[in-house]
Amino acid sequence: MGFLLGLLCVVLIGLIVIQIGRVSELATQIRGARESQLATNQFHSVFGMVFMAVFMLASVVSAIYYAPSSLYHGPVVSASEHGSAIDFLFDTTLFFTGIIFVLCHILLFYFAWRYRERENTKAIFWAHNNKLEMIWMGIPAVVMTFLVIQGIYTWNNTMTDVPANWVLGKDYIEIEGTGQQFAWILRHPGVDNQLGSRDFRKIDNANNPLGLDWTDKRNHDDFMPDVMYLPVNMPVRVRITSKDVLHNFYLPQHRVKMDAVPGMPTYFIFKPTITTDEMRQKLSKEKEWQEPYKGDPEKKRWEMFDYELACAELCGKGHYSMRRVIKIVTMEEYLKWLGEQKTYYNPENALSAQ
Amino acid sequence: MASIDTIKEDLHHGHHDEHHDDHHGDKYQSSFFTTYLFSQDHKMIAKQFLITGMFWAVIGGLMSLVFRLQLGFPAENYTWLKAVLGKWIEVNPETGVGSLAPEFYYALVTMHGTILVFFVLTAGLSGTFSNLLIPLQVGARDMASPFLNMLSYWFFFLAGLVMFLSLFLNTGPFSGGWTAYPPLSILHQASDGSKAGATLWIMSLVLFVVSVLLGGINYITTVLNMRTKGMGMFRLPLTIWAFFVTAVLGLLSFPVLASGFFMVIFDRSLDTSFFLNEIFVNGEALTDRVGGSAILYQHLFWFLGHPEVYIIILPAMGIVSEVLSVHARKPIFGYRAMVFSILAIGVLSFIVWAHHMFMAGINPFMANIFVLFTLIIAVPSAVKVFNWIATLWGGSIRFNSAMLFAIGFVSLFISGGLTGIFLGNAALDIPLHDTYFVVAHFHIVMGVAAFFGMFAGVYHWFPRMYGRFMNEALGKIHFWGTMIGSYVIFWPMHYLGLAGVPRRYYNWDSFDAFNQFDDLNKFITIGAIITFGFQLVFVLNFFWSIFRGRKQEEQNPWGASTLEWTAPVEHIHGNWPGEIPAVHRWAYDYGKDGREVILQTEPLGPGEKDSDAH
């Protein structure tokens with residue numbers, strides 16, 4: 001019944017639309033084709049200007065309105081060292097593109113209005129102007145050169161692997177993130193700071209979900225925490241792998257993103273600069289973060305803030321649910337936490353597996 | 001006996017060929033089947049492509065509405081959709097609330113992307129207008145091979161048929177994204193959509209590649225070999241340049257996609273391991289499927305995939321250049337610069353593909369090269385934008401639906417193109433990749449913008465197709481609804497992306513960082529539904545006008561200079577009765593020497609300089 005009513009409505013609207021069309025054609029005939037074309041030119045060129053003005057205004061106002069929720073100009077600032085360089089590149093790009101965006105729109109709709117066909121208007125014959133074309137080829141070329149240089153500089157600073165003289169455990173730590181349908185398994189190297197070797201043929205979802213090779217002693221102190229703790233101001237190299245299909249290791253606030261590819265470990269190096277607690281304190285002063293937390297209305301949003309790990313590469317029907325929490329803490333807290341962890345290694349299991 | 005000179009002329013220009021004079025009832029158009037179905041007439045094939053494209057656009061659009069409902073109103077009861085979607089609406093037995101199954105959400109997203117990119121914006125856009133305009137604007141009787149041209153449409157039809165059937169599979173249509181990255185698209189254990197759905201999806205697209213290649217080889221041959229007397233390459237309208245470069249891009253890149261697909265088929269069915277390595281899925285280690293690389297597929301895919309976005313946007317650019325010039329009553333500004341930027345974009349499009357893969361695990365050093373070439377594309381693109389704006393300057397602009405859509409295209413191309421400068425820079429791609437910022441970017445710059453080019457073309461050349469006009473009032477309602485609606489839908493997505501919200505999420509509830517945008521998502525969904533409604537106005541206007549639209553009385557209603565308007569209103573097989581007109585000047589003599597328009601067929605006056613002579 002409801003479906004029929006809906007169909008009826010659509011048909012009625014369709015009939016009305018057709019009538020509008022026919023009436024407008026009659027009106028054109030009565031008024032004369034030329035006359036009504038000029039009226040149309042007037043109306044739509046003015047409307048174009050109004051549209052442009054509203055669009056420009058709305059884009060600026062909405063950008064300001066949504067700035068606090070963005071990762072760039074909100075209270076949740078970049079929480080990693082390389083992140084601020086990326087944010088700077090974002091601002092530079094926004095500056096140049098913003099100017100072009102506004103300028104081109106003003107010119108486009110202003111010219112359309114200014115040069116609308118009226119009584120006695122005549123188009124000029126102007127086919128090209130090499131000087132002008134050189135100028136507007138040159139300007140974007142210069143701007144692009146600038147952006148390419150800044151971009152490549154930022155990229156290489158971010159993506160280069162750890163320098164050869166860095167000592168594992170002293171200058172940086174290494175953890176591992178493994179994607180599977182549909183969860184992340186995070187592995188900590190334990191007190192020896194070394195991730196042991198793995199073999200996908202040794203995987204046993206119940207007893208050895210990562211296929212750790214127990215003959216490799218480095219594996220004996222490794223563990224897989226539900227929540228990964230990382231010390232602030234210590235570079236972390238994440239070794240990113242996948243068990244089944246593509247995933248993507250995505251930490252929004254740390255500007256970390258890298259595909260997890262089965263059979264080919266990738267990496268991302270970042271240095272967290274703000275602990276979870278510091279970020280919560282910072283957010284406690286922000287108006288929008290006083291709202292009740294969605295999962296627990298008793299709490300406020302800032303109290304429940306956490307760095308979240310997500311998947312950013314389509315991996316199947318549960319792609320949207322691969323959440324893990326990463327806690328950034330002080331070195332003391334980190335060591336305390338590390339001391340409390342139990343290794344995953346269990347000699348009996350391991351022996352039976354061999 | 002013709003003299004040797006005439007024979008030469010015949011060979012080079014097809015100028016004096018008068019053997020097509022019998023318009024009605026010649027052996028190619030004698031029955032319903034050969035006129036409307038298995039037609040070899042490029043004008044009819046163009047209409048077939050257009051109407052099939054419109055069918056798919058409606059299907060693809062409706063799919064987007066269903067998944068937008070899920071994203072905007074995830075908690076609503078969708079039991080009413082069960083009538084259409086059947087078991088893919090899962091009803092909770094306790095609450096009675098029906099919701100969209102996640103598998104099907106991903107299937108809808110995948111189908112929406114595939115259908116819109118390939119069936120609508122490739123076949124529907126370049127298929128329609130290349131077919132309609134290439135012979136008419138270069139001055140040819142038909143395509144070089146009308147038979148291959150017919151096959152091109154029917155392979156497209158077949159591709160569509162296979163894709164349509166896949167929607168009704170018990171395990172659901174393919175759901176691994178329109179890019180079909182392995183291993184997800186190979187491992188049937190990993191996803192229901194990767195069972196029969198993926199097989200049909202790949203079959204369909206292989207048929208589609210055949211269609212594109214048959215069409216493309218025809219377009220290229222026709223443009224190169226069948227131009228009429230006097231039609232030098234630099235006298236071609238920009239539409240033809242755009243279609244020509246598009247066809248070249250398609251011919252060079254689609255086979256690479258096909259090779260990638262064949263390797264996927266081998267991996268799926270013959271137990272090869274081109275793209276598989278060290279996989280443990282569904283409780284089982286695939287111990288004998290090692291040694292491949294999932295990233296190899298991405299190279300093959302994007303070697304097509306990036307030229308593909310230019311295959312979509314170049315025809316729209318060509319159409320817009322033509323429409324802007326005709327309705328501003330001015331020559332297109334900087335014709336040669338426009339041609340060279342089309343060529344530059346075409347060449348560059350082959351060396352930027354890895355910018356889709358910055359975060360895919362490629363060697364970071366490689367990104368440097370791809371950043372460089374990607375951002376260089378901004379230069380020819382900017383030249384085009386500035387030239388379009390300069391074309392308006394000093395014009396006498398006639399505001400009709402075609403012109404409005406052309407102006408709208410320029411606005412969208414600016415808005416969407418500029419965000420490409422963010423995404424093309426690898427360092428910025430780290431936070432922005434696979435977020436809604438990307439969704440906003442490509443929908444505006446190649447989705448909606450290409451649609452605007454298509455609409456501009458349909459309104460402009462509708463008289464050339466059906467001998468009638470589309471209704472202008474409805475066209476303008478359609479324009480403003482779509483213009484405002486498109487920005488309402490896609491502009492807010494930038495803000496989602498800047499907040500880090502990832503794309504291809506069924507819902508964001510479990511993430512504190514992403515679940516703060518309920519209102520914005522509702523807003524986008526409502527905008528999408530209303531904007532879709534405005535497209536129905538277009539569909540209605542289109543079909544109404546075919547039968548009831550105002551009749552075209554003048555042969556050249558827009559006062560355009562190009563050849564297609566010198567052919568009679570009545571469609572005839574072979575396009576022109578008698579001789580094919582010869583061309584004496586470029587395509588943009590508007591407002592020259594105080595005359596509103598000088599047709600390309602008019603010889604240069606005594607002492608008159610060719611406008612484009614440099």
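Predicted model: local features only at pLDDT ≥ 70, side-chain atom pairs only at ≥ 80, totals over all residues.
Me: Which stretches of chain B have a pLDDT below 50?
Reply: Residues 1–14 of chain B are one such stretch, with 14 contacts in the model beyond near neighbours in sequence. Residues 19–25 of chain B are another, with 9 contacts beyond near neighbours in sequence. For the model as a whole, the scores are ipTM 0.95 and pTM 0.94.

Me: What makes up the side of chain A that touches chain B?
Reply: The contact draws 95 residues from chain A and 106 residues from chain B. On the side of chain A, the elements giving two or more residues are α1, α2, α3, α4, β5, β6 and β8. The largest share, 14 residues, is that of α4(A). By residue class, this side of chain A holds 50 nonpolar, 28 polar and 17 charged residues.

Me: Which residues make the contact between α1(A) and α16(B)?
Reply: From α1(A) come Val17(A), Ile20(A), Gly21(A) and Ser24(A), while α16(B) supplies Glu472(B), Ala473(B) and Leu474(B). These residues comprise 4 nonpolar, 2 polar and 1 charged.

Me: How do you know that the buried residues of α5(A) line one face of the helix?
Reply: The buried residues of α5(A), which spans residues 276–283, are Thr276(A), Met279(A) and Leu283(A). Viewed down the helix axis, they fall within an arc of 65 degrees, so they line one face. These buried residues pack against β8 and β9 of chain A.

Me: Why does Tyr78(B) count as buried?
Reply: A residue is buried if 20 or more other C-beta atoms lie within 10 Å of its own. Tyr78(B) has 20 C-beta neighbours inside 10 Å and therefore counts as buried.

Me: Where is Tyr78(B) placed, and with which residues is it in contact, leaving aside neighbours within four places in sequence?
Reply: Tyr78(B) lies in the loop between α3 and α4 of chain B. With those neighbours left aside, its contacts are Ile89(B), Gly98(B), Ser99(B) and Leu100(B). Tyr78(B) is 12 residues from Val66(B) in sequence, and their C-alpha atoms are 9.8 Å apart.

Note on methods:
Residues numbered from 1 in each chain as written. Chains lettered and ligands numbered in written order. Contact = placed C-beta atoms within 7 Å. Helix = DSSP H or I, 4+ residues; strand = E, 2+ residues; numbered from the N terminus. Nonpolar A, V, L, I, M, F, W, Y, C, P; charged D, E, K, R; others polar. Buried ≥ 20, exposed ≤ 12 C-beta atoms within 10 Å, placed from the backbone. Arc of directions from axis to C-beta. pLDDT = per-residue confidence, 0-100.
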